Amino acid sequence: MPIKSLDDLKKIREKNSRIVALRERGESSDERIEILVGMATCGIAAGARDTMISLKKAVDDMKLENISVIPVGCIGYCHSEPTVQVNIPGDAPIIYGNVDEIIAEKIIYMHILNKELIDDHLLNKIFTKA
Amino acid sequence: MYYTVLELTQENVEGGRNLKNAKGKFVDLDTKKLDREKIDELDEYIDSLEDQKGSLIHILHKGQSLFGYLPENLQIYISRKIDIPAAKVNGVVSFYSFFTQEPRGKHTISICMGTACFVNGSDKIFNELKRELNVENNKMTEDGLFTLKDIRCVGACGLAPVVMVDDQVYGHVKVSDVSEIIKKYREED
Amino acid sequence: MSNYKAHIMICSGTSCKASESENILEAFREEIEGHDGKFKVLKTGCFGFCAQGPIVKIYPDNVYYVKVKPEDVKEIVEKHLIKGEKVERLLYEDPKDRVKLVVHDEMEFYQKQYRIALRNCGFINPENIEEYIAFSGYEALGKVLTEMTPQDVVKIVKDSGLRGRGGGGFLTGLKWELAMKSPGTEKYIICNADEGDPGAFMDRSILEGDPHSVLEAMAIGGYAIGANKGIFYIRAEYPLAIERLKIAIRQAENEGLLGKNIFNSGFDFTIEIKLGAGAFVCGEETALIHSMEGLRGEPTKKPPFPSESGYKGMPTSVNNVETYANICPIILKGSKWFSSIGAENSKGTKVFALAGKVNNVGLVEVPMGTTLREIIFEIGGGITDGKKFKAVQTGGPSGGVITEADLDTPIDYESLKAIGSMMGSGGMIVMDEDNDMVEIAKFYLDFTQDESCGKCTPCRIGTKRMYEILERLTNLEGDMDDLQKLKDLGNMIKDTALCGLGQTAPNPVLSTMRYFPQEYEAYAKREKTKSYRIDAEKCIGCTACIRVCPVNCITGKVKEAHIIDESACIACGACFTACKFGAIIKP
């Protein structure tokens, strides 16, 4: 149904408010985990497609139903592409850089399943947003 | 329908009117030699456009994606189809760097000549590619395997200098990596 | 509150475990209990400097504490986590170690970048309109169409002080006002996404990461100037951006956010995509309009400005991608909010594509007025391999170089012009001591010369002649007279070329000549050599260089000094990198 008023827009916004809280502050009303993969040209050139495939495969292999792997644009960390953000409800959002297929698997097995960070690939968030 | 087109080379100019010694190339303007199926697809695309003359650039994009390049007879065909002088069509084709009038090799090797790659030494990689392939920029190798092309920034500045073979990106390329990369594709054939 | 302010990471590698990391973990768990879940304790793998264990890392502050004992835990929690002060006595100190254990003063660092245009990039799925709406998408358009008149929109954009981000820096609000006031049966609003500077890619990033923000802003601009048609002019070299734009347009149409009677306001607006085909000059608005009409992208003289007579002879407003990306936040947060950010005459932020010889290559968005030093050395992490900074080039092929002396200049449109460069579209290329400035100037001139449309003589022939002189110099066939010729020609082209491309084409040459005259003279006096040489004193004859030389121009026996055949050397530098004894002399 087409959006015809600010109220219609607000409804869609509220329906999706969960992702804003989760991605910005790590808060969520449910248990859904999100993994965001930087899939702009630069990320893809550095191998983000393989990273994405590897993440999805690990998620499937472990039958993890509450994880969404989502393609996003780039966050500007060209020096560390491909980049991956892990948003676990209740945890601060975490950004990894230089995530190849192997590190992608590690993110699932170490970070998500065992709550261990992969230190060598951690990036610091270095900006504030409007 | 063949025409000889004289290239504006030093020799030809100095040679004056003595055309016997002039160097040129044969240009085939026979539109009947174009692949019928591809032309049908192009026709269909052109017919679907509202403003055909204003969409010349889009039509050329379509043509190039169908034929791989824009040979002279295709340019003639398009000019007749949308009723624009062929010289104008050629003027547009030659103006934009995305369009090519030369056939392409099986693989296109692109070297990024954006500034970030340049300051990281892409000019040296480029020279090495030319040497290794024995080919000039925008030309096809004799065996038809490769076309070498310099391109503007691909936006992978974090990987500079960057070489692309078709869609495959090679980052942080060193002069000594060049022969290795080419060898891989030569061996595939 | 389930929001962690910090992660406490405790190494649980074998050797740290041996030195009681388990007890430390427990101590942290007990200590943070009363803090409402603000902190989280995690076990991690080995940090790799076991001799200093047990190690505790605080993320995201990126501070390491070494040889931590359970009794230190209370102090770390109280001092670092609560007060934000580092516990100095537990910091790792080893001047020889290259690992930066205390990376930065985190709070200050966080504030350096402020993202308006890039606000959603990397945080939303660009192919899902609902995610954009979740982050306040299309609210600005809704507000504009239901609560504001076109005059209100122009006023708020004008008051914000937003200037064009594509290079010129013309006030966006004023541009819209001119187009609004021009009479015309049909008007057009255009997005210039023909990002041509070969070292700037922020527009592509915005389109690939947040396409809806640009579409929404175009609709707002269309409403303001009275256009029902928006046209996207985008480079064919950006296939992914084109694909995502198409998806975004389709989704917006399906949701009724583009099309007829948007928000029941009676306002109709559609967007069409036109492809460029690779011509730098098409960034110039008159050339761009010709290209959209299917012609060669040649510029025409102004006036008439596109705001009076543009696409199909109708009033047209051409704005750049990054400019549009600022519009929605301005509408939602107000002009005062926007004008409070940035410098006196340059409001808001600017995105730069930081690249070249800098550690953290990437996109940065900083408030206007930030200094180049902050961008390169703090955000960019300094020069690669610890080399010396030489210059930074801004403004792409139209700009110039900036040296150490001007690094503390706050960046805005005017200050950059005053030091011989310009803002341009935001390419920022860092060069180190190894870069040859004459070669850099030649590179840019090669670019503009190649991209010259050929319409006006100063640009077509002038840049060609300048390039020939540079080629003569770098081939060591020039002389001192050439330097004067280069300068004269450059200034002449600046004064007489038809459009911005030609008028700015000599800038890289003139500015490198101004700051690095000695490098030009070295070429003119033919003191420069082109090939690498070997210092026979230092060479021990290890053959490492012989093995890497791609043209086999190095000869010599084992344990005897090698020799480079200077006529065959292609100056690739492979030998220089391979030599471990510093025996290769650079040209």
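1. In this predicted model, C:Val351 has C:Glu365 as its bridge partner in strand 12 of chain C. The two strands concerned, strand 11 (residues 349-356) and strand 12 (residues 362-367) of chain C, are antiparallel and share 6 bridges.

2. Strand 15 (residues 427-432) of chain C runs parallel to strand 11 of chain C, and 4 bridges join them. One pair to inspect is C:Gly356, whose bridge partner in strand 15 of chain C is C:Val430. As for burial, strand 11 of chain C is mostly covered, with 8 of its 8 residues buried.

3. Which helix of chain C does helix 6 of chain C cross, and at what angle? The partner is helix 13 (residues 321-333) of chain C; its axis and that of helix 6 (residues 139-147) of chain C come within 9 Å and cross at roughly 60°. Because of that angle, helix 6 of chain C counts as oblique to helix 13 of chain C. The crossing of the two helices is left-handed.

4. On the side of helix 6 of chain C, the contact uses C:Glu139, C:Ala140, C:Lys143 and C:Val144. Helix 13 of chain C contributes C:Cys328, C:Ile331 and C:Leu332. By class, the contact of helix 6 of chain C with helix 13 of chain C has 5 nonpolar residues, no polar ones and 2 charged ones.

5. Is helix 13 of chain C mostly covered or mostly open? Helix 13 of chain C is mostly covered, since 11 of its 13 residues are buried. Among them are C:Cys328 and C:Ile331, both of which also take part in the contact with helix 6 of chain C. The buried set also includes C:Glu322, C:Thr323 and C:Asn326. After helix 13 of chain C comes C:Gly334, which has a positive phi near 95°.

6. For chain C as a whole, the secondary structure amounts to 24 helices and 19 strands. Chain C has 587 residues, of which 53% count as buried. Along the principal axes, its C-alpha atoms fill a box of roughly 80 × 75 × 40 Å. Taking contacts in chain C between residues at least 6 apart in sequence, 71% join residues at least 24 apart.

7. Chain A meets chain C through 44 residues of chain A and 59 residues of chain C. On chain A, helix 1 (6-15), helix 2 (17-25), strand 2 (67-72) and strand 6 (128-129) each supply at least two residues of the side that touches chain C. Helix 2 of chain A gives the most, with 5 residues. This side of chain A divides into 21 nonpolar, 12 polar and 11 charged residues.

8. Strand pairing also runs between these two chains. Strand 6 of chain A and strand 5 (residues 114-115) of chain C pair in the parallel sense over 2 bridges. Within this pairing, A:Lys129 has C:Arg115 as its bridge partner in strand 5 of chain C.

9. Chain A has an open sheet of 5 strands in the order 2-1-3-4-5, with mixed pairing. Its edges are strand 2 and strand 5 (122-123) of chain A, each of which pairs on one side only. Strand 1 (residues 33-38) and strand 3 (residues 84-87) of chain A are antiparallel over 4 bridges. In strand 3 of chain A, A:Val84 is the bridge partner of A:Val37. Helix 5 (residues 101-114) of chain A lies across strand 1, strand 3 and strand 4 (94-96) of chain A, at about 15° to strand 3 of chain A.

10. Chain B touches chain A with 8 residues, against 7 residues of chain A. On the chain B side of this contact, 5 residues are nonpolar, 3 are polar and no residue is charged.

11. Chain B itself has 8 helices and 6 strands, which follow the pattern β-α-β-α-α-α-α-β-α-α-β-β-β-α along the sequence. Of its 189 residues, 34% are buried. Among contacts in chain B with a separation of 6 or more, 59% are between residues 24 or more positions apart.

Terms used: Residues numbered from 1 in each chain as written. Chains lettered and ligands numbered in written order. Predicted model: local features only at pLDDT ≥ 70, side-chain atom pairs only at ≥ 80, totals over all residues. Contact = placed C-beta atoms within 7 Å. Nonpolar A, V, L, I, M, F, W, Y, C, P; charged D, E, K, R; others polar. Pairing = 2+ DSSP bridges. Axes fitted to C-alpha atoms, helices over the stretch in contact; angles between N-to-C directions. Parallel < 35°, antiparallel > 145°, perpendicular 65-115°, else oblique. Left-handed = near helix turned anticlockwise from the far one by under 90°. Buried ≥ 20, exposed ≤ 12 C-beta atoms within 10 Å, placed from the backbone.
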